Each structure stands twice: as C-alpha cells, then as structure tokens.
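Here is a short briefing on one protein model. Keep the structure open beside the text while you read.

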Amino acid sequence: DERSEHTQGRIYSYRKNSNAYISFSDSFRHPLVDEYFNTSVWVPSGINLALTPQTAKNYEVGLRHRLNDKLIFNITGYIIKLHNEIYYEPTTFTNSNYDNTVHRGAEFSSDMKINNKVSLSANYTFTDALFEGGQYDKKQAPGVPEHKWGLGGNIMLNKFLNCSLLGNYVGERYFISDQANSLPRMASYFTVDTKVSFSRDNISLFLGVSNLFNEEYYEYGVANSTRTKKNYYPAAERSFTIGGSLKF
C-alpha cells in the first residue's frame, strides 16, 4: 500500500443541535515505484535513492450546527504541515522532495431545505499553501487554488423524478513546477453539471451531463524546465453519463 494514515486523536463536544471537534493526525506516503525513475530518454536511467517518503501532521477544528429544521452549516479550520512532499522536477527529469510546505485553510458548507421538493447547498474553501524555509520560502505551492466554491440545487419534480444542478468554481493557481511563482497563474474556471434521475419500485435510471455549457478550460498545467513557457492540458468538453439499476 503506497499510502497510509494513522489518526492520533479526535475530541468531540456536543450540545443540542450542534457539535464541535478537534482532530490531530499523522500521515505518510511512500513514493510510487515509477517515481524512483526519471522520465527522459536523454538522461541515463537509474533509481533515485535520494527520494524519501512524504509525511504530514494534520490539525483540524470544526463546528457543525443545525440552525433549525431547514438549515445546517459546517465550519472547519485546518493546518497541514507537509515534510518531504513528493513532486516532479523538470530540470532533472526526476521526482524530488520539496522543502517543508504548510497548508492553512478553512472550509464552509451549508445545506438548506426550502420545502419538501426543493433544497440548496453551498460550499467554499480557502487555502493558503506556502513553502516554509528553503529557496522558495514564502512562495505559494504550485497547483493549489486559494479559492474554490460550489453552489447546488435539487428539485423533486414528482415522487419518481429528481433533477439536480451543481456549479463549481476553481480559482487561479500557479503552474506545476513553478515553485518560484515566476509565471502568471493558471486561469480560474467555472463549470456546471446536471443530473436527472428516475426511481420507481426496483428500477433506477439516471442521465448526467458534465460541463453543461461546454466551457473551454484546463485543470492542469505545467511549466517547462526553465520556467519560461507553459504547457496546458485541456479538460474534457461536454460529456454525458447514463446508467441504471434493477433490484431483484
């Protein structure tokens, strides 16, 4: 198993309609087998014995509160201290270990029941991911957006037919391999997904549409070895998923 996590402790506190918790945990990840080798045909291949496992200490505090029968919200704050985070270094065509990085952030989510047929949901995540020490001290970790949020709605058209709509926003973030933050950040994007489902007796059917409005965007981008150019990996266009189940 390449990844394992050990939870050290979690403390809960309960009151009517709400509960709070504090959590502490350690985690680690061993390098994958292919991460020990370089990816270039121009550089002699060999095992990278300098690559070490990635470890992390996680601290989290959260609150879940039911305001009334129709509104529930969750608030969570967290700090993740990563040591020897594994990343790809394009100048050497090998995987390496970052200097220490720290992810500090907060998450908020809420669910609201308008009536028996309509419900809404919202979520927001703020992340401040920085290098701590080393040559990239105080620079932002690549590939991590500061802001992410989503808005969703669900409506029961009748007792058999359900329709949902979900919008997702991902903010700007630095290109992978741009530890120096020398290039402009990757563009933010917003996509919409929808799903219609039917369920009656032992039969369930659904039709889902991802990227409903056929947004042109990219989730992943990499800087070249000299950090002077950007390579884009376009995301999928509008796509459809259909499925169903039958219970015997």
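Glu 35 is buried, at a relative accessible area of 13%. Buried means under 20% relative accessible area, exposed means over 50%, and partly exposed lies in between (1.4 Å probe, protein chains only). The model is predicted: local features need pLDDT of at least 70, side-chain atom pairs count only at pLDDT 80 or more, and totals for chains, interfaces and linings use all residues. Residues are numbered from 1 along each chain as its sequence is written, and side-chain values use heavy atoms, with hydrogens and water left out.

**Salt bridges**

- Five salt bridges are present in the structure. The criterion is a side-chain nitrogen of Lys or Arg within 4 Å of a carboxyl oxygen of Asp or Glu.
- Glu 35 pairs with Arg 29, with 3.3 Å between the closest N and O atoms. Arg 29 is buried too, at 10% relative accessible area.
- Arg 185 and Glu 172 form a salt bridge through their side chains, at 3.1 Å from N to O. Both residues lie in the loop between strand 10 and strand 11, so the pair ties together parts that are 13 residues apart in sequence.
- Arg 185 is partly exposed at 31%, and Glu 172 is partly exposed at 39%.
- Lys 57 bridges to Asp 26, with the closest N and O atoms 3.4 Å apart. This pair links distant parts of the chain: Lys 57 sits in strand 3 (residues 54–66) and Asp 26 in strand 2 (residues 18–29), 31 residues apart.
- Lys 57 is partly exposed at 42% relative accessibility. Asp 26 is partly exposed at 22%.

**Strand pairing**

- Helices (H or I, at least four residues) and strands (E, at least two) are DSSP runs, numbered from the N terminus. Two strands pair if DSSP finds at least two bridges between them.
- Strand 8 pairs with strand 9 (residues 147–156) in the antiparallel sense, over nine bridges. Tyr 124 faces Trp 149 of strand 9.
- Strand 9 also pairs with strand 10 in the antiparallel sense, over nine bridges. Here Ile 155 stands opposite Cys 163 in strand 10. A hairpin of four residues connects strand 9 to strand 10.

**Nonpolar surface patch**

- Leu 63, Ile 75, Phe 108, Tyr 124, Trp 149, Leu 151 and Phe 190 make a nonpolar surface patch of about 600 Å².
- Patch residues have over 30% relative accessible area and no salt bridge; like charges are joined within 9 Å, and nonpolar side chains (Val, Leu, Ile, Met, Phe, Trp, Tyr) within 5 Å. Areas come from the Shrake-Rupley method with a 1.4 Å probe; for residues, only the protein chains shown count as cover.
- Tyr 124 belongs to strand 8 (residues 118–131). Tyr 124 is partly exposed, with a relative accessible area of 32%.

**Core and buried loop residue**

- Nonpolar side chains tend to be buried together in soluble globular proteins.
- The largest nonpolar core has five residues: Phe 175, Leu 183, Met 186, Tyr 218 and Ala 223. Such a core is a set of buried Ala, Val, Leu, Ile, Met, Phe, Trp, Tyr and Cys residues joined through side-chain atoms within 4.5 Å.
- Beyond four places in sequence, the contacts of Tyr 218 (heavy atoms within 4.5 Å) include Phe 175, Met 186 and Tyr 232.
- Asp 178 lies in the loop between strand 10 (161–170) and strand 11 (189–200). Asp 178 is buried, with a relative accessible area of 0%.
- Not counting residues up to four places away, Asp 178 touches Pro 142, Leu 183, Ala 223 and Arg 227. The C-alpha atoms of Asp 178 and Ala 223 are 6.0 Å apart, across 45 residues of chain.
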